[in-house]
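Below is a short report on one protein model. Please keep the sequence and the structure in view while reading.

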Amino acid sequence: MAEMRFSESVSARLDGDVLVVAIDNPPVNALSAHVRSGLVAALDYAAGARDIVGFVISGTGRIFVGGADIREFGKPPVAPSLPDVIDQIEAFEKPVVCAVAGAALGGGCEVALACHGRIAGENAAFGLPEVKLGIVPGAGGTQRLPRLIGTIAAIDLICTGRTAKADEAVALGLADAIAADPLTAAIAAARENAGRPLRRTGRITVPAVDAAAVDMAEAKVVAKSRGQCAPVEAVRLVKAAGHCDLEQGLAEERATFLRLRDSEESAALRHVFFAERAAGKVETLADVSPRRIETVGVVGTGLMGSGIVVSALTSGYHVIALEQTPEAAASGRERIAGILAKAVQSRRLTAEGREACLARLEATAEAKDLAMADLVVEAVFDDLSVKTDLFRRLDSIVAPDAILATNTSYLDPDTIAAATADPSRVVGLHFFSPANVMRLVEVVDCAKTAPDVLASALNFVKRLGKLAIVCGVTEGFIGNRIFSAYRREAEFMLEDGALPHQIDSALEAYGFPMGIFAVNDMAGLEIAWARRKRLAATRDPAERYVEIADRLCEAGRLGRKNGLGWYAYPNGERTIDPAVTAVIEAARAEKNIVPRAFTAMEIMNRLLTAMVDEGKALLSEGIAARPGDIDLVMINGYGFPAHKGGPMFAAQKS
């Protein structure tokens, strides 16, 4: 029989007595209205055809179903609703089996949960990432998943929003089997189950669980949520599945989903989602082909360099790591091997994967070995003479079409590029430490960077699985320039009457994982001190300047590394130090400032205003392309809470 079409995105064919349905709604097979109506039409057709004994759902392309169509959010609902479609699948009188060849996410996972059988392909992945959009699953995910895999495992998957690959899905009971050809296996499973009692997920009793274990899992979610509502609500709903019948649980889930969907939190996280889609897109590069990068050179194997090496190795690149001496090269290799070993311990990498990475690594003290590199990233001390001397040397070693990238945080990459014979092949790649963990990379488009070099840098960062944000040249780029602006404002407030722990508490209550003074202690106060001394000669004498941080550094208080910074760290624990308060009070007295009290709201308003004003300046100067890019930098590099959308988004909403 020829192909049958049930909607613009849903078609089907008969494989003997099984109707095989294909969803084709690129790019991610989202559950748009025409997909939902097509599935219902196909189910109705199969129900009325006596010669059809089974029903298989598959997705074309590399994704089974990527979730709901979030473009429909905020618009009038279009029937059939996803919950109605899923209920019809679960209640269907003939076996419904899904062939999950790729990712089944969000509503796609909920469709799979409602099927009577689930066959996973080798590249399948299952997940309910709704909390990342400030919502909860709204079509049965919180009620059906715990019935299949238990309460604790369901809390983990739903509240983290992470995905489970095929082998984990089978181990959990989320998938029935893995098959090299999941479609053929699903057809066989549908035919085999014809006429037999069907395993309807919604009728399964949630497995018994220890109450203390549930409480522990819930406490873990609450601690990590930092004020975000969706994960906490998801725990409540998963727990409800254990003592409510399916109908009650679904009603409560749907009501919660609709309430959260219309919340500011969800609006903020949707903004972040779309900002990420737009990030890294440069209109002028639309027709530019990137250069081929297979071998990556990294100069320096300290904390930053080692992280960059690991990121490149785990993304399949061959890496040449350069150090100053053979001993340093050997130490660097050991450091890299240690990071990879930890990845194996945490199950982010297999033992075989670690060995494959080490086989692609060459650690050397001979600069000439970089001649084979297609891209060289420097991760040496952030000193202009050190970096310019290095680039002069590299210029005569690497191939003429090899790309040179600087990882500088504050120095002028155009000055570094000018030290080379061909500045057009120089680009900035500002990684955040630890580079193997942190997702953000600022890709700096220097004054003379060639379009294909910029395109290559973006392609490289994306292959590393990181978030690339393009920016122009300015001191500190996007992130450090904004960080400097609100750190300056925080120090103004110290003079005006606030104390470090009060400012940090306000930031942490807002959703930051750590306050700004605690962050400074973690990074080390000497880094910013060196920069302030470097800029002292050009500082405007009329500009307000706070000397408190300088006084701390002069007193040898350099942060956590020596146990004294903005705080004291006896036994490694952060504590308020009266000595710091005394330094602050002395600075106020020198300027005849009468201190005043600050509320947490006043503190946050001043800090947010400083961020937004600097962000607006970056946009007007053309350093940042979009407000969303600024928000992504602050979220992924500086701990700004994603559920607040970033400073530029928050300013729009205030």
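Glu-252 is partly exposed, with a relative accessible area of 34%; exposure classes are buried for under 20% relative accessible area, exposed for over 50%, and partly exposed in between (1.4 Å probe, protein chains only). Glu-252 forms a salt bridge with Arg-236, and the closest N and O atoms are 3.0 Å apart. The pair links distant parts of the chain, with Glu-252 in helix 10 (residues 246–261) and Arg-236 in helix 9 (residues 229–241), 16 residues apart. Arg-236 is also partly exposed, at a relative accessible area of 34%. A salt bridge here is a side-chain nitrogen of Lys or Arg within 4 Å of a carboxyl oxygen of Asp or Glu.

This is a predicted model, in which local features need pLDDT of at least 70 and side-chain atom pairs count only at pLDDT 80 or more, while totals for chains, interfaces and linings use all residues. Residues are numbered from 1 along each chain as its sequence is written, and side-chain values use heavy atoms, with hydrogens and water left out.

## Other salt bridges

The count of salt bridges comes to 41. One of them joins Arg-196 to Glu-192, with 3.8 Å between the closest N and O atoms. Arg-196 has 47% relative accessibility and counts as partly exposed.

Asp-262 forms a salt bridge with Arg-261, where the closest N and O atoms are 3.5 Å apart. Asp-262 counts as exposed, at 57% relative accessibility. Elsewhere, salt bridges that share partners join Glu-489, Glu-495, Asp-496, Arg-544, Lys-591 and Arg-606 into one network.

## Cysteines

A disulfide is a covalent bond between the sulfur atoms of two cysteines. The cut-off used here is a pair of cysteine sulfur atoms within 2.5 Å, and by this rule the count is zero.

The sulfur of Cys-159 has its closest cysteine sulfur in Cys-229, 13 Å away, which is too far for a bond. For Cys-229, the closest cysteine sulfur is likewise that of Cys-159, at 13 Å. Cys-159 counts as buried at 10% relative accessibility, whereas Cys-229 counts as partly exposed at 39%.

Seven strands form an open sheet in the order 1-2-3-4-6-8-11, with mixed pairing. The edge strands are strand 1 and strand 11 (177–179), each of which pairs on one side only. Two strands pair if DSSP finds at least two bridges between them; helices (H or I, at least four residues) and strands (E, at least two) are DSSP runs, numbered from the N terminus.

Strand 1 (residues 4–5) pairs with strand 2 (residues 10–15) in the antiparallel sense over two bridges, and a hairpin of four residues joins strand 1 to strand 2. The bridge partner of Met-4 is Ala-12 in strand 2, and Arg-5 stands opposite Ser-11 in strand 2. Strand 2 also pairs with strand 3 (residues 18–23), antiparallel and over six bridges. Leu-14 has Leu-19 in strand 3 as its bridge partner. Two residues lie between strand 2 and strand 3 in their hairpin, and Gly-16 in the turn has a positive phi of about 65°.

## A helix across the sheet

Helix 1 (residues 33–48) lies across strand 1, strand 2, strand 3 and strand 4 (54–59), and runs at about 175° to strand 3. Axes are lines fitted to C-alpha atoms, for helices over the stretch in contact, and angles run from 0 to 180 degrees between N-to-C directions; contact means heavy atoms within 4.5 Å.
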